[in-house]
Amino acid sequence: MARRNDHTREQLVQLTLETVKTFLSEHSYHELSLRKVANMIGYVPSTLVNVFGNYNLLLLHAVAQTLDELAEEAKEAVKDASDPQDALFNLAYCYHDFALKHPHRWQLIFEHNMNGEDLPEWQSQRIDGMTSMLEALLSTLAPERSESDVLKASRVLWSGVHGITLLSVDDKFFTSEPIDGKELINNLITSYLLNWSA
């Protein structure tokens, strides 16, 4: 077993999160445990508890890493758009594609549970960053709409895109012919925007 001083705290955090990320590229987080992560990096579980606080917070750091990657891809997708409506479609497609590319990491984002503990501020800020991007686009498309309207619309659209993405990832459309999730997203947003921008 490696000793605590074989890595600095920062190196150990990075090593742990990269190991979890690699594991989740092939397996569900359900197959993971504190002991398993510790064994994979050559440390004892108590060392990881000392560094992260508990296993739940270790997983939350893995979620934060995934959200950071998704946020970067989303910024790139929106940046290349020709107008706010195009940006909205790009953002939704980016979300869908990211989930299909990283299904186990994406699943962990939404299944991770704080078990009654408050979500740390650093994680709340990440979530706010993602939702505010969608809100800003909707606000630009219909500047006369109230903040409350924008908030509700953003959650309606995000819920719809998320649901389609979830069914795409799990391949649960229950149809005899293949269904393209992005086509459904296009249908959803197009229909919604007809009313939103009217």
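**Salt bridges, count.** I looked up the salt bridges in this predicted model. The count comes to eight.

**Glu69 and Lys21.** I checked this pair and found a salt bridge, with the closest N and O atoms 2.8 Å apart. The two residues come from distant parts of the chain, 48 residues apart. Glu69 sits in helix α4 (residues 55-79), and Lys21 sits in helix α1 (residues 9-24). I then looked up accessibility. Glu69 has 22% relative accessibility, so I list Glu69 as partly exposed. Lys21 has 25%, so Lys21 is partly exposed too. Which residues join in a network here? I found Lys21, Glu69 and Arg105 linked by salt bridges.

**Lys79 and Glu76.** I stayed with helix α4, where both of these residues lie. The spacing is three residues, about one turn of the helix. Is Lys79 buried or exposed? I read a relative accessible area of 55% for Lys79, over the 50% cut-off, so Lys79 is exposed. Glu76 comes out at 40%, so I list Glu76 as partly exposed.

**Arg155 and Glu135.** I moved on to this pair. Their side chains meet in a salt bridge, at 2.8 Å from N to O. Again I found a link between distant parts of the chain. Arg155 has a relative accessible area of 33%, so I list Arg155 as partly exposed.

Note on methods: Residues are numbered from 1 along each chain as its sequence is written. This is a predicted model: local features need pLDDT of at least 70, side-chain atom pairs count only at pLDDT 80 or more; totals for chains, interfaces and linings use all residues. Side-chain values use heavy atoms; hydrogens and water are left out. A salt bridge is a side-chain nitrogen of Lys or Arg within 4 Å of a carboxyl oxygen of Asp or Glu. Helices (H or I, at least four residues) and strands (E, at least two) are DSSP runs, numbered from the N terminus. Buried means under 20% relative accessible area, exposed over 50%, partly exposed in between (1.4 Å probe, protein chains only).
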